[in-house]
Amino acid sequence: MSKAKILLLEDDANLNETVVEFLEDNGYMVEGIYDGYEAQDRLYEKNFDLLLLDVNTPGINGFSILKEARKSGIVTPAIFLTSLNGIDDVEKGFASGCDDYIRKPFALKELLLRVETLLKRGFFHESGDIIHIDEGMDYDIKSNQLIINGVAETLGNKESLLFKLFMKNANEVISHERIYKELWDFDEEPSDTALRTYIKNLRKMVGKDRIVSIKKQGYKFISSK
């Protein structure tokens, strides 16, 4: 099963362990780091789906880590976890490139809701609107348009969520269970029939060979990148 991978930077050992255990119990893979420089190294060594960054950490602070990451082209969504609560601190956090900001102390359920919302919303943190995917294939993140060789196709809401999930996990098998969790809200009933329809619609746009069905496992989006 393909799980979303989260990098957690938190120097408080008890809080680090608590958050790691809680998120893992809710289906995520979490790498808990205590030092800023180590977190920075891991960020460039591995691909993560989400960053949870404390601000005041040993070595290098969370603001600096994310600011440098954005300059380097890393677009992974990020949430700051911090006891700093002044408006200047919040402003500095968003200026560093974060997508959300949670003040300590926080409820674990609130953290989970923020994580789920951010991962479901998308994974782009770009200054522009167009994301290059492959040769002849681009995606307009504002209009939800998939552009194939200059021809634009508008995606529906769940098709857009599904396509973002494919792009975020290109060349990896994504389980049916994860797709259901990403596409359908908690008060909606997942539909295998609807999923097959979304897959069929996307295949018409990108080509049948790009979205491979893996029997009894899920789907894989094939990309040359």
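User: Which residues of α6 are buried?

Analyst: The model is predicted, so a word on the rules comes before the list: local features need pLDDT of at least 70, side-chain atom pairs count only at pLDDT 80 or more, and totals for chains, interfaces and linings use all residues. Residues are numbered from 1 along each chain as its sequence is written, and side-chain values use heavy atoms, with hydrogens and water left out. Buried means under 20% relative accessible area, exposed over 50%, and partly exposed in between (1.4 Å probe, protein chains only). Helices (H or I, at least four residues) and strands (E, at least two) are DSSP runs, numbered from the N terminus. In α6 the buried residues are Lys 158, Glu 159, Ser 160, Leu 161, Leu 162, Phe 163, Lys 164, Leu 165, Phe 166, Met 167 and Lys 168. That is eleven of the twelve residues, so α6 is largely enclosed by the rest of the structure.

User: Which residues touch the most other members of the largest nonpolar core?

Analyst: In soluble globular proteins, nonpolar side chains tend to be buried together. A nonpolar core is a set of buried Ala, Val, Leu, Ile, Met, Phe, Trp, Tyr and Cys residues joined through side-chain atoms within 4.5 Å. The largest one has 26 residues, of which Leu 146, Leu 162, Phe 163 and Phe 166 touch the most other members. Elements giving two or more residues to this core include α6, α7 and β12 (218-221). Helix α8 supplies the largest share, seven residues.

User: How many aromatic pairs are there, and how is one read?

Analyst: A pair of aromatic rings is described by the distance of the centres and the angle of the planes. Rings of Phe, Tyr and Trp (its six-membered ring) pair if their centres lie within 6.5 Å; planes under 30 degrees apart count as stacked, over 60 as edge-to-face and the rest as tilted. The count is seven aromatic pairs. Tyr 180 and Trp 184 are edge-to-face, at 5.8 Å centre to centre and 65° between the planes. Trp 184 is buried, at 8% relative accessibility. The rings of Trp 184 and Tyr 198 have centres 6.2 Å apart and planes at 35°, so that pair is tilted. Trp 184 lies in the loop between α7 (176-183) and α8 (192-206) and Tyr 198 in helix α8, so the pair ties together parts 14 residues apart in sequence. Ring pairs also link Tyr 139, Phe 163, Phe 166 and Phe 221 into a cluster.
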